[in-house]
Amino acid sequence: TLDYTGQVALVTGAAKGVGFATAAAFATQGAVVVLADRDANALSDSVDRLRADGRRVLGVTCDVADEVSVASLVRSTVDEFGRLDAAFNNAGIQVPRIDAADEPAESFDRVASVNLRGVWACMKHELGQMRAQGSGAIVNCSSLGGLVGNPGLASYHATKHGVIGLTSSAALDYAARGVRINAVCPGTIDTPMVADMLATGALEKNAMTAAIPMGRLGRPDEIAAAVLWLCSPAASYITGVALPVDGGYVA
Ligand code: NAD
């Protein structure tokens, strides 16, 4: 049931980390994959890597914080491949840890424009196409931060809680119309985002792994596996959920 042959998948934030692993997994399972990212150089390297493995992929430079850019991404996907079957709205950023009394409004606006408004815009334009098709599956990227709090990260966590609200409400809009919408809530995953947080001291590796029941960070391919499953017919009766993929953290 994880065979995506003949299907079209779209992944945002696909140049690196979780997004790249998920784009690679869709492509390995036979999908045609559109990789979208705002970092044009990293995107072109990632597209080249997949093409070298014989995968059918297209790179589109897109800033999810800009709705015009998102509309054009979905239009290019449909112009090129005729449909859209699966979408993973993964692009997201982290902001530096700061006391909730000290965060500048610009910091809140920056993280909200990508993590929340970006997911909203992607979902809106993907749904326009999926509504016309009467089929499709969307996974939005939340976080453990969508389920619990964390000191110094109020605005990031607010955006990830918001992604769950977008997901459950839109899932109800489309439950009877052939389109399923779910969220994944990754725990701490070994990606460039986490490497940056370790480098700046925002995270400390030993303390972090000690808090994870499985005693290790997650791998990007472990999030990809959950996304492919949620988008597949194997999950045909699942919509509106926020699935933790976290080594047991919220257990
Ligand atoms: P990453 O920083 O390694 O990669 C993110 C990618 O998104 C980059 O290629 C970046 O260029 C792209 N991107 C950022 N802003 C964008 C924008 N405005 N438009 C288009 N592309 C943009 O991050 P990651 O660790 O792979 O995280 C991916 C997602 O998973 C994010 O939503 C993040 O919040 C979430 N998440 C990550 C972790 C973790 O531990 N790594 C945990 C929970 C949730």
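Colleague: Why are helices α4 and α5 in this predicted model described as roughly parallel to each other?

Modeller: Two packed helices are described by the angle between their axes and the distance between the axes. Helix α4, residues 105-115, packs against α5 at an angle of about 20°. Angles under 35 degrees count as roughly parallel, so α4 and α5 are roughly parallel to each other. Their axes are 3 Å apart.

Colleague: Which residues of α4 and α5 meet?

Modeller: On the α4 side they are A112, S113, V114 and N115, and on the α5 side R117, G118 and V119. By class, this contact has 3 nonpolar, 3 polar and 1 charged residues.

Colleague: At what angle do the axes of α5 and α6 cross?

Modeller: The axes of α5 (residues 117-133) and α6 (residues 154-174) cross at roughly 15° and come within 11 Å. These two helices are therefore roughly parallel to each other, and their crossing is right-handed. Helix α5 contributes V119, W120, M123 and L127 to the contact, while α6 contributes V163, L166, A170 and Y174. In class terms, the contact of α5 with α6 has 8 nonpolar residues, with no polar and no charged ones.

Colleague: What is the handedness of the crossing where α3 passes α5?

Modeller: The crossing of α3 with α5 is right-handed. The axis of α3, residues 67-81, comes within 9 Å of the α5 axis, and the two cross at roughly 30°. In α3, the residues E67, V70, A71, V74 and V78 meet A121, C122, H125, E126 and Q129 in α5. That contact divides into 6 nonpolar, 2 polar and 2 charged residues.

Colleague: Turning to the ligand, how many residues surround it, and which are the closest?

Modeller: The ligand is surrounded by 30 residues, of which G13, G17, G92, T191 and M193 are the closest. Helices α1 (17-28) and α7 (192-199) each supply at least two residues of this shell. The shell divides into 15 nonpolar, 10 polar and 5 charged residues.

Colleague: How many helices and strands are there in the protein, and what is its radius of gyration?

Modeller: The protein has 9 helices and 7 strands. Its radius of gyration is 17 Å, close to the 18 Å that the globule rule gives for 251 residues, so the protein is as compact as a globular protein of that length. Taken along the principal axes, its C-alpha atoms fill a box of roughly 45 × 40 × 35 Å.

Conventions
Residues numbered from 1 in each chain as written. Predicted model: local features only at pLDDT ≥ 70, side-chain atom pairs only at ≥ 80, totals over all residues. Near = placed C-beta within 6 Å. Helix = DSSP H or I, 4+ residues; strand = E, 2+ residues; numbered from the N terminus. Nonpolar A, V, L, I, M, F, W, Y, C, P; charged D, E, K, R; others polar. Axes fitted to C-alpha atoms, helices over the stretch in contact; angles between N-to-C directions. Parallel < 35°, antiparallel > 145°, perpendicular 65-115°, else oblique. Left-handed = near helix turned anticlockwise from the far one by under 90°. Contact = placed C-beta atoms within 7 Å. Rg over C-alpha atoms; globule rule 2.2 N^0.38 Å.
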